Structure formats: structure tokens, C-alpha cells
Amino acid sequence: MAAGLVLAVSAAPRLPVAAPLGPPPPRTVVVGMADDMKFSPAMIAISPGDTVEWVVTGAVPHTVTDAPGKAALREHTTRPAGAAPWDSGLVEQGKRYRQVFRVRGTYTYVCLLHEASGMVGKLVVR
Ligand SMILES: [Cu+2]
């Protein structure tokens with residue numbers, strides 16, 4: 001009887017022990033835009049496939065823009081080769097703008113309304 005039990009246990013299929021391989025699931029990273037005319041945080045690092053969500057947390061509207069020819073300074077709107085430009089347009093109080101990033105590299109973006117106040121952000125997809 002005892003021998004039969006041991007046989008039954010050892011014949012059971014083995015369960016996988018290790019965690020699944022591969023990249024972690026996509027995340028959403030939130031960047032606040034308050035009335036202090038800053039992206040908060042001003043610099044973020046994400047992984048390909050992650051979403052960035054910019055949220056207006058104050059009363060003042062903002063834009064999230066990385067498109068050539070829109071900013072006063074060219075270095076305020078840069079992106080890696082192969083990445084598409086973007087412009088959120090006006091994002092009002094309580095609203096948000098989201099975007100998924102798939103191309104690795106460094107992006108610099110700006111709020112067109114407050115570029116002169118230094119409202120410039122950077123994100124790195126690594
Ligand atoms: Cu702004």
C-alpha cells in the first residue's frame with residue numbers, strides 16, 4: 001500500500017518552478033502638470049511598450065509637444081530616429097493625454113505655452 005502511494009506521487013506531472021521569462025508587463029507612468037509650469041517629474045525612464053500619461057493637476061492648461069518647428073528652441077523637441085512626432089494640443093484642467101512609446105531612445109518635449117518658463121521634459125525609453 002505504501003509503495004503504491006509513492007509511485008503515484010512520483011508519477012505526477014512536475015509543475016514549473018521558475019517565473020515566466022520575457023519582458024515585464026507594460027506600465028503606465030504618470031507625469032503631472034501643475035500650475036508651477038513644470039513637468040513632474042521632469043525626467044522619466046520607461047521600457048518599450050509603456051504608456052506615459054500626462055495629467056493637468058492645476059487650473060492652467062498645458063500642451064505636451066514633441067513636433068519639429070513648434071517650439072522656440074529646436075533642442076526642446078527631439079526624438080530618436082524612427083519615432084513619430086506628437087502634439088497633444090491644449091490639455092485643459094482635469095484632462096489627460098496618454099501615449100505609448102515603443103522606439104528606444106531619448107525624447108525631449110515641451111509645453112508650448114510655457115517653454116519660456118522652462119517647462120521642458122525628457123523621457124528615455126531603454
Ligand atoms: Cu504649460
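## Confidence

The average pLDDT of the chain is 90, and 85% of the residues reach at least 70. Where pLDDT is low, the predicted coordinates should not be read in detail.

## Sheet

An open sheet is built from four strands, arranged in the order β2-β1-β4-β7 with mixed pairing. Its edges are β2 (39-40) and β7 (96-100), each of which pairs on one side only.

Within this sheet, β1 (residues 28-33) runs parallel to β4 (residues 51-56), and six bridges link the two strands. In this region, valine 30 lies opposite glutamate 53 of β4.

## Glutamine 93

Glutamine 93 sits in the loop that connects β6 (86-87) with β7. Is this residue buried or exposed? Glutamine 93 has 12 C-beta neighbours inside 10 Å and therefore counts as exposed, since the cut-off for that class is 12 or fewer.

Leaving aside residues up to four places away in sequence, glutamine 93 touches Val56, Ala59 and Pro61. Valine 60 is 33 residues from glutamine 93 along the chain, and 6.4 Å separates their C-alpha atoms.

Conventions
Residues are numbered from 1 along each chain as its sequence is written. This is a predicted model: local features need pLDDT of at least 70, side-chain atom pairs count only at pLDDT 80 or more; totals for chains, interfaces and linings use all residues. Two strands pair if DSSP finds at least two bridges between them. pLDDT is the predictor's confidence in each residue, from 0 to 100. A residue is buried if 20 or more other C-beta atoms lie within 10 Å of its own, exposed if 12 or fewer, and partly exposed in between; C-beta atoms are placed from the backbone. Two residues are in contact if their C-beta atoms, placed from the backbone, lie within 7 Å.
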